[in-house]
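Reader: I am new to this structure and would like to learn how to read its helices. Please take me through them one feature at a time.

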Amino acid sequence: MRRVGILGGTFNPPHIGHLIMASEVREQLNLDEVRLMPTAIPPHKQLSDTATPCQRLEMTERAVKGNNYLSSCDEEVHFGGVSFTFDTMQRLLAKEPDTEFYFIIGGDMVDSLHTWHKIDELIKLVRFVGVHRPGTLRKTDYQIQYIDTPLIDVSSTLLRNKYASGKTTVYLVPDSVDRYIRQEGLYGTC
Ligand code: ATP
């Protein structure tokens, strides 16, 4: 059995918080790989001042480039529509029946798990892994394996605000992502 972590998110834009959590979970659980998977339309989030799904996928690809254990997954962006994790994981399992999937979430997602589409079925399809996030991590009745990773108090919201106000973003996003954002004029950089 291959053991594969999936870090789902909007990645609007991807940042060091995503990369560090993916890399730490990969190592601590001895997974074969972790894939960063941008949503098409997220069910729970209003995207404002956003990049397109294809641009978010492109940034995610750039963010993981060069790391043999991390990759990006285009399943949701290419499938399109509202991205429900249960449906996505069913499709991935149908394509890769010999894989055990670990779905990684940050602490801010934990207390809303009960609102996820078909969560009671999803929890049987994949193993949930929780990563602490500064100022968050509440309780849930769902079975989650928590992993201790360095706490990184960075969010995509913080980055969008920094880009919009012309503040430095150095060290908070990979250089290749930063270049793409400026080249495309995303988040008010043009
Ligand atoms: P936004 O600020 O736009 O809401 P975000 O920074 O939370 O975005 P997402 O792409 O929505 O980024 O996050 C994808 C997943 O990564 C979620 O499970 C989220 O909880 C987790 N995550 C993001 N940043 C961190 C962080 N700094 N520490 C721990 N988990 C994180």
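Reader: Which helices do the buried residues of α8 pack against?

Author: The buried residues of α8 pack against α2 and α7. Helices (H or I, at least four residues) and strands (E, at least two) are DSSP runs, numbered from the N terminus. A residue is buried if 20 or more other C-beta atoms lie within 10 Å of its own, exposed if 12 or fewer, and partly exposed in between, with C-beta atoms placed from the backbone. Two residues are in contact if their C-beta atoms, placed in that way, lie within 7 Å. This is a predicted model: local features need pLDDT of at least 70, side-chain atom pairs count only at pLDDT 80 or more, and totals for chains, interfaces and linings use all residues. Residues are numbered from 1 along each chain as its sequence is written.

Reader: Which residues of α8 are buried, and which exposed residues does the face turned away from them carry?

Author: Val177, Asp178, Tyr180 and Ile181 are buried. Seen down the axis of α8, these buried residues fall within an arc of 160 degrees, so they line one face of the helix. The arc is that of the directions from the helix axis to the C-beta atoms. The face turned away from the buried side carries the exposed residues Asp175, Arg179 and Gln183. Just after α8, glycine 185 takes a positive phi of about 70 degrees.

Reader: How is the packing of two helices described?

Author: Two packed helices are described by the angle between their axes and the distance between the axes. Axes are lines fitted to C-alpha atoms, for helices over the stretch in contact, and angles run from 0 to 180 degrees between N-to-C directions. Here the axes of α2 (residues 53-64) and α8 (residues 175-184) come within 8 Å and cross at roughly 150 degrees. That makes α2 roughly antiparallel to α8; angles under 35 degrees count as roughly parallel, over 145 as roughly antiparallel, 65 to 115 as roughly perpendicular and the rest as oblique.

Reader: Which residues make the contact?

Author: From α2 they are Gln55, Glu58, Met59, Arg62 and Ala63, and from α8 they are Ser176, Val177, Tyr180 and Glu184.

Reader: Which residues are buried in α7?

Author: Ser156, Leu159, Arg160 and Tyr163 are buried in α7. They fall within an arc of 100 degrees seen down the axis, so they line one face of α7. What covers them includes α8. Just after α7, glycine 166 takes a positive phi of about 75 degrees.
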